[in-house]
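Me: Here is a protein chain that I would like to go through by question and answer.
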Amino acid sequence: MAFIRRKERSRERFSLLLLDLEEYYFEQYTAYHMIGNGSSSLPNRYNRGSLKICSKSVIFEPDEVNKPILKIPLKDCKRIEVVEENEGNPFKETKPACILVETKQVYLIKEGDVVAPYKYERGERNVTFQLDMPLKTEDVVQTLLQLHRASCLDKLGDQTAMIAANLQSRLARTSFDKNSFQSVTERPHMECEAEMVSPLVTNPGHVCITDHNLYFQPLNSYPDSVVQIGLHSVRRIYKRRHGLRPLGLEVFCTENDLCSDIYLKFYNTKDRDELYYYIATFLENHITEHTAESYMLQWQRGHISNYQYLLHLNNLADRSVNDLSQYPVFPWVISDYSSPQLDLLNPASFRDLNKPVGALNTERLERLLERYRDMPEPRFMYGSHYSSPGYVLFYLVRVAPEHMLCLQNGRYDHADRMFNSVGETWKNCLEGGTDFKELIPEFYGTDSSFLKNLLSLNLGRRQGGGRVGDVELPPWASEADDFLQKMRAALESQHVSEHLHEWIDLIFGYKQRGSEAVAAHNVFHPLTYEGVIDCDSIEDPDQKIAMLTQILEFGQTPRQLFTTPHPQRITPRFHNVSSGTSLSTSPNDLSPASPSLDSFEDLTEESKTLAWSNMNKLALQSSHKIHKEVVTGIAGTLSGTSIFSTSQDSTLKMFSKEGGSLQRSISFSNMALSSCVMLPEDKTVVCSSWDNNVYFYSIAYGRRQDTLMGHDDAVSQVCWRDNQLYTASWDSTVKVWKCVAADISSNKRAHFELLAELEHESGVNTIALSPAGTLLASGTKEGFLSVWDIASCSLLHQLACHSGKIHQVAFSPDSRNILSVGEDSCLKVTDVQTGMLLSTVPAEDEQRCFCWDGNTVLSGGQSGNLLVWDLLSSKVIHKIPAHSGPVTCIWMNEQCSSVITGGEDKQIMFWKHQY
């Protein structure tokens with residue numbers, strides 16, 4: 001299991017799981033447990049071991065592994081004091097002082113070195129310890145007395161506050177030991193206090209981050225004196241909610257492991273964020289820009305499996321294996337646990353993923369709805385959640401028994417309520433009045449140990465007399481590994497792939513809250529939803545702790561990732577994802593299936609001619625306000641399903657044409673983006689920015705892949721052709737770079753070699769390549785048009801073309817002419833061979849952008865209209881109302897059949913010919 005796979009400590013039986021929930025382990029001392037009263041009839045015996053001082057208890061771990069660990073709750077203690085051990089003989093030297101604890105109760109744990117429910121010895125008794133370092137006795141007793149006073153306070157809030165003050169005092173008196181640095185040359189960046197989080201427990205200490213490593217030094221030096229993580233090895237970092245507050249940070253050094261390398265909880269959000277941004281800045285190739293939308297696109301295209309996608313969504317929704325109240329949640333997908341054979345081609349074998357577990361049984365649902373209708377506000381349909389610490393450990397008790405004992409005060413659940421049978425559990429989820437639980441990732445993984453009692457645990461006897469052993473599997477599973485393989489095959493099946501988006505809508509999407517949740521019968525207790533309760537606003541400490549405990553134990557609904565319906569998976573791609581695909585598989589290793597020819601439009605010249613001859617029949621399909629400022633650039637995939645746009649709001653947006661929804665929003669800096677272009681194979685988008693940089697965004701990986709810092713002023717436009725990138729800038733240059741698309745798309749670090757620098761007299765505002773890729777045209781802020789030979793990087797022509805800034809230039813399809821538009825409200829045609837101005841066509845208003853076929857022009861201007869021009873007659877032949885402000889960019893697909901425009905009204909508009 002993910003969180004069980006940590007390094008096992010060879011012979012140490014103590015663990016933080018022996019503490020109560022929200023208890024801290026402060027320090028330990030070598031000591032002797034004294035048994036006997038020193039008399040001749042009952043002489044003293046000394047059991048050597050480790051005495052551990054905790055915030056709510058004293059724990060003694062004997063060196064002899066067969067002897068039980070003793071746990072003495074401080075609240076049960078009547079007296080704690082120092083006693084002198086002497087025999088009343090003045091001629092004998094006084095023996096070292098001891099610690100006497102008078103208590104009403106002692107827990108005996110792991111007797112015989114066996115994990116089992118705790119035993120209790122009740123009745124008043126004295127327990128005596130002698131420290132190996134007697135001089136520390138008085139200090140230890142004073143510490144215990146202080147903690148004892150805290151444990152005996154009437155109000156839980158007062159107890160918690162006093163213990164927290166003790167903890168903060170200990171942290172303030174200590175600091176990170178820099179002798180733990182891996183190298184003497186390391187430079188520390190920041191140091192703060194935090195707690196290392198693992199399931200059900202936290203461990204306070206000091207965090208230090210340097211220019212090479214992240215360190216955590218536990219206050220108690222347990223389980224190690226320092227935890228060290230090299231920053232170069234970090235692959236993923238996530239901000240986390242912990243205890244409903246934005247204080248968590250989880251660091252992963254692998255791509256394919258559910259369990260992180262460290263999970264830290266900070267005492268304030270400022271420290272958490274500073275550490276997060278330092279690591280993110282340090283990592284050049286760090287995955288910080290993955291979004292739910294980017295993973296959704298990979299999943300839709302078949303680049304990642306259903307299993308991978310659900311793991312990623314859980315991660316983004318704050319689910320972590322280190323937090324049992326927010327453990328990753330997976331769906332029940334199979335409904336048949338009784339047949340001898342599992343038929344994955346039969347829809348009846350599957351659960352209805354369009355309904356939550358509580359709505360699968362119509363009779364039960366009617367009873368729940370009747371109660372719901374009569375319930376006062378706030379109303380909820382289900383009294384328990386689909387994921388909670390108790391449910392997680394219900395499934396994992398055979399591999400995590402100590403976690404179960406920790407959660408349930410040293411006891412296992414009743415044998416008949418254990419996870420005894422997969423079929424029985426599914427039946428209870430269908431018919432039980434309070435059981436609506438989903439599954440966990442382990443049911444679709446490769447480790448079947450959670451289904452077997454490999455530790456030979458005594459989990460009790462059932463009513464029929466049989467002991468709780470291995471989990472009973474369905475008849476269609478020959479053994480545990482076969483069960484998991486078939487569960488995974490079902491998860492990746494065609495049926496589930498076609499319907500998984502419906503379950504995502506319920507758990508992570510738009511049916512999670514509000515009226516859609518009510519309509520879908522998906523309403524849980526209000527306390528389970530993020531943001532409903534602000535614990536910091538509750539002034540009464542007792543009420544705050546009670547509320548927080550209730551929320552954490554009851555379970556939490558994942559963070560909402562989608563607010564619109566989740567698109568369905570593209571079914572022809574399913575066969576590319578095998579059930580054995582690992583989380584570490586690169587998206588480039590899973591090539592999407594070739595779309596059918598029917599999905600592409602005819603690319604013949606006749607279809608282009610037809611499109612241009614009917615440009616006056618463009619009709620608006622849809623408009624979408626997805627930016628906060630002017631739209632500056634548009635690029636689309638070859639199939640036209642995904643559209644990318646840039647804006648002066650500094651974001652690159654990815655929009656689904658088919659779904660009509662925004663899929664991603666990416667920000668590279670706080671400066672405006674000026675243009676974008678798609679590299680071959682639809683794997684990378686290149687964006688230019690006013691911050692002087694060019695950014696490469698990987699569609700498959702959903703992150704910034706590279707940055708080219710190539711100019712001294714804003715980059716105004718980029719073009720790409722034949723593994724060469726052309727960047728225009730207001731620093732008066734156009735630069736030509738070697739840019740191998742295959743290296744970029746395969747996630748290699750690109751080497752951008754500067755091939756040429758084309759100097760201008762003023763800032764370059766726009767560039768364009770000829771269809772053959774042999775010529776380049778550039779337009780400047782001062783109105784100059786230049787034509788360059790790319791092979792020799794020489795200037796062929798330069799002319800003062802416009803009286804003011806040139807907005808856009810473009811070659812005709814035959815490369816004979818160049819059309820330009822500028823601030824002077826003119827369209828101008830220049831002859832490429834001679835550099836002569838052939839015609840000037842005045843417009844009623846300033847035209848900002850255009851597409852053309854050498855004769856007909858589709859342009860957008862200040863008025864917001866689209867104009868269709870016939871250059872032979874120099875007339876506007878059609879006017880199409882479009883944007884409410886200036887049209888700033890136009891994109892047309894290769895077939896010329898689809899047009900997209902962007903404007904200062906922050907909208908993108910989709911247009912189609914109506915023949």
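Me: Among contacts in the protein chain between residues at least 6 apart in sequence, what percentage join residues at least 24 apart?
Reply: This is a predicted model, in which local features need pLDDT of at least 70 and side-chain atom pairs count only at pLDDT 80 or more, while totals for chains, interfaces and linings use all residues. Residues are numbered from 1 along each chain as its sequence is written, and side-chain values use heavy atoms, with hydrogens and water left out. A contact means heavy atoms within 4.5 Å; among those between residues at least 6 apart, the share that joins residues at least 24 apart is 57%.

Me: Which residues have the most contacts inside the largest nonpolar core?
Reply: A nonpolar core is a set of buried (under 20% relative accessible area, 1.4 Å probe, protein chains only) Ala, Val, Leu, Ile, Met, Phe, Trp, Tyr and Cys residues joined through side-chain atoms within 4.5 Å. The largest has 103 residues, and those with the most contacts inside it are Phe443 and Phe508.

Me: Is the aromatic pair of tyrosine 337 and tryptophan 426 stacked, edge-to-face or tilted?
Reply: Rings of Phe, Tyr and Trp (its six-membered ring) pair if their centres lie within 6.5 Å, and planes under 30 degrees apart count as stacked, over 60 as edge-to-face and the rest as tilted. Both tyrosine 337 and tryptophan 426 are buried. Their ring centres lie 6.0 Å apart with the planes at 50 degrees, so the pair is tilted.

Me: What is the angle between the planes of phenylalanine 443 and phenylalanine 483?
Reply: Phenylalanine 443 and phenylalanine 483 are both buried. They form an edge-to-face pair, 6.4 Å centre to centre, and the angle between the planes is 75 degrees.

Key
Buried means under 20% relative accessible area, exposed over 50%, partly exposed in between (1.4 Å probe, protein chains only).
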